[in-house]
Amino acid sequence: MVEATPSRRTFLQGVGLAAGAAGATGILAAGGALPAAADQDTAAAPARGKGQRSMIGVPFERHDEVRIGLIGLGNRGMGMLSGWTAVPGAVVTAVCDTLPDRANRAADTVQSETGRRPTIFTGGDRAYEELCASDEVDLVYVATPWEWHFRQGMAAVKGGKHVGIELPIATELKELWQLVDASERARRHVFLMENCSYGRNELAILRMAHDGLFGELTNGHGGYLHDLRDLLFSGYYEPDDWRRAWHATIDASFYAMHGLAPIAACMDINRGDRFTHLTATSSAALGLADYRERFMPADHPSWTETYVKGDRTTSMLMTEKGRMVRAEHDVSSPRPYSRINSIAGTRGLFEDYPTRIYVEPDHSGHQWADAQPYLDRYDHWLWRKVGDDAANNGGHGGMDYILQWRIVQQMRAGLVPDIDVYDSAVWCSSVPLSGESIRKGGRPVAVPDFTRGRWSESRPGLDSEETDMPAVAK
């Protein structure tokens, strides 16, 4: 029997109803400990199934070439396509979209750039399952609307594929746990395509933090502050204006991971420290309605919508070691772009947007200093090795291509991934947890330990040792 697939709007309404079901109260406590009165329901880890083992430290199997299947060929999927075809040893062997014209356009692009035409999977909402089962694919890349990420990630793992998923990998805690468990059962990696973790400044401050430049870390601040009002109403996020629909469904922090993930890396989250609890608050939801009032015609479909997602959502996360991270999300307000990207400790701090630094004993007198000498000194090996190619082949200043290059390199060389399913799950848990905290009036909620107790182990991550891309066979 074929399972019925819900419409996007029905699916989103279900998310909102499910997210609002639980309730508890609590107050913040000092340090990283979860407040005694806080809701701890979210902390429980389901028992591992028989034969299920951790994926921590598990390398990719070696591949002479990495055969990639792309699911979702809208703005993001097509924007990443040429990067995949440019990475040495990567081959796009399959493309999938519900719309045949987009799938054919992607296949035409691949054929034009590489001389090899990928297999096309299209013709309905379940076509991705055929791609995930295909023997032509080693790695599945998912770039569809958020409500599809979980089911497509699960299909990829069940099909024996590694899978990289755009933000977020899932929007509910139970789905995040299911992806963790599926990865452990199938021995396949599931990871967030967090391009900002590979930003040049983000990787440089990671190395600064690990070198002790800021002393003992105490706090960080990151986020996603991007005026998307024009794009949200223009039909850019096709089909069906899916991304705007989320703003009429649930009040939560949808997309703070771009700023949260790099700060988590600096603090060695899941590699010596862990998030214990999260508290979130949200401002009034005014920005999108104001924009609609001023710029949208009376027959625009948005006039049927009531926006509930607050314009500014602030999440505060505490760690076991008593560190604090502030993660922001705002796409509904007029403002310049910022990911904030700030890390601080007992000896000083770094801030982006604008970029500046202040560290003792180098600086004094309460005056910011030029950060560029430090960015140059701590430049990550990936940017020194691949930076020129990244500038020519990738969006977002080249960090898209750095991410793609590194994934393919790790798969071809048989390396342990920089970002694993546990990192991906804890970063993305900020979506459902922020929504839960907001519904409880800003009360703290527990952050699950997706590693099931192995968070305290020191292990490599994004601050990696330099390695080469294996040579491509002639």
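The following legends describe close-up views of a predicted model.

**View A. The two domains of the protein chain.** The domain assignment divides the chain into domain 1 (64-190) and domain 2 (198-380 + 415-444). Taken over C-alpha atoms, the centres of domain 1 and domain 2 are separated by 26 Å. Contact between them involves 19 residues of domain 1 and 22 residues of domain 2.

**View B. The largest pocket.** The volume of the largest pocket is about 810 Å³. Its lining consists of 43 residues, and those nearest the centre of the pocket are Asn75, Arg76, Tyr237, Trp242 and Arg243. Two or more lining residues come from each of helix 2 (75-86), helix 4 (127-133), helix 5 (146-158) and helix 9 (242-247). By class, the lining of the largest pocket comprises 22 nonpolar, 13 polar and eight charged residues. Both domain 1 (64-190) and domain 2 (198-380 + 415-444) supply at least three residues to this lining.

**View C. The largest nonpolar core.** This core holds 135 residues, and the members that touch the most others are Trp84, Met208, Phe214 and Ile357. The element giving the most to the core is helix 14, with eight residues. At least three residues are drawn from each of domain 1 (64-190) and domain 2 (198-380 + 415-444).

**View D. The surroundings of Ile357.** Residues up to four places away in sequence are not counted in this view of the contacts of Ile357. Among the residues that Ile357 touches are Met208, Leu213 and Phe214, together with Leu349 and Phe350. Further contacts of Ile357 include His363, Trp368, Ala369, Asp370, Ala371 and Tyr374. Two of these partners, Met208 and Phe214, are named with Ile357 among the core residues that touch the most other members.

**View E. The largest cavity.** Three cavities of 30 Å³ or more are found in a search of the whole structure. The largest cavity has a volume of about 60 Å³. Its lining is formed by Phe60, Phe191, Leu192, Tyr198, Leu403, Ile407, Gln410, Pro417, Asp418 and Ile419. Strand 6 (190-192) and helix 14 are the elements that give two or more residues to this lining. Helix 14 gives the most, with three residues. The lining of the largest cavity has eight nonpolar residues, one polar and one charged.

**View F. Two cis peptide bonds.** Most peptide bonds are trans. Leu167 and Pro168, however, are joined by a cis peptide bond with omega of about -20 degrees. Pro168 lies in the loop between strand 5 (162-165) and helix 6 (173-186). A cis bond also runs from Tyr353 to Pro354, where omega is near 5 degrees. The place of Pro354 is the loop between strand 12 (348-351) and strand 13 (356-359).

View G. Most residues other than glycine have a negative phi. Ile340, which is not a glycine, has a positive phi near 70 degrees. Ile340 is located in the loop between strand 10 (324-330) and strand 11 (342-345). His396 is likewise not a glycine, and its phi is positive at about 55 degrees. His396 belongs to the loop between helix 13 (381-393) and helix 14 (399-413). Ile340 counts as buried because its relative accessible area of 10% falls under 20%. His396, by contrast, counts as exposed because its relative accessibility of 52% is over 50%.

Methods. Residues are numbered from 1 along each chain as its sequence is written. This is a predicted model: local features need pLDDT of at least 70, side-chain atom pairs count only at pLDDT 80 or more; totals for chains, interfaces and linings use all residues. Side-chain values use heavy atoms; hydrogens and water are left out. On a 1 Å grid over the protein atoms alone, a cavity is a set of points where a 1.4 Å probe fits but cannot get out, and a pocket is an open set with protein on both sides within 12 Å along at least five of seven lines; lining residues have an atom within 4 Å of a point. Grid points are joined across faces, edges and corners, and a volume is the space filled by probe spheres set on the points. Helices (H or I, at least four residues) and strands (E, at least two) are DSSP runs, numbered from the N terminus. Ala, Val, Leu, Ile, Met, Phe, Trp, Tyr, Cys and Pro count as nonpolar, Asp, Glu, Lys and Arg as charged, and the others, Gly among them, as polar. Domain bounds come from an automatic or database domain assignment. Buried means under 20% relative accessible area, exposed over 50%, partly exposed in between (1.4 Å probe, protein chains only). A nonpolar core is a set of buried Ala, Val, Leu, Ile, Met, Phe, Trp, Tyr and Cys residues joined through side-chain atoms within 4.5 Å. Contact means heavy atoms within 4.5 Å.
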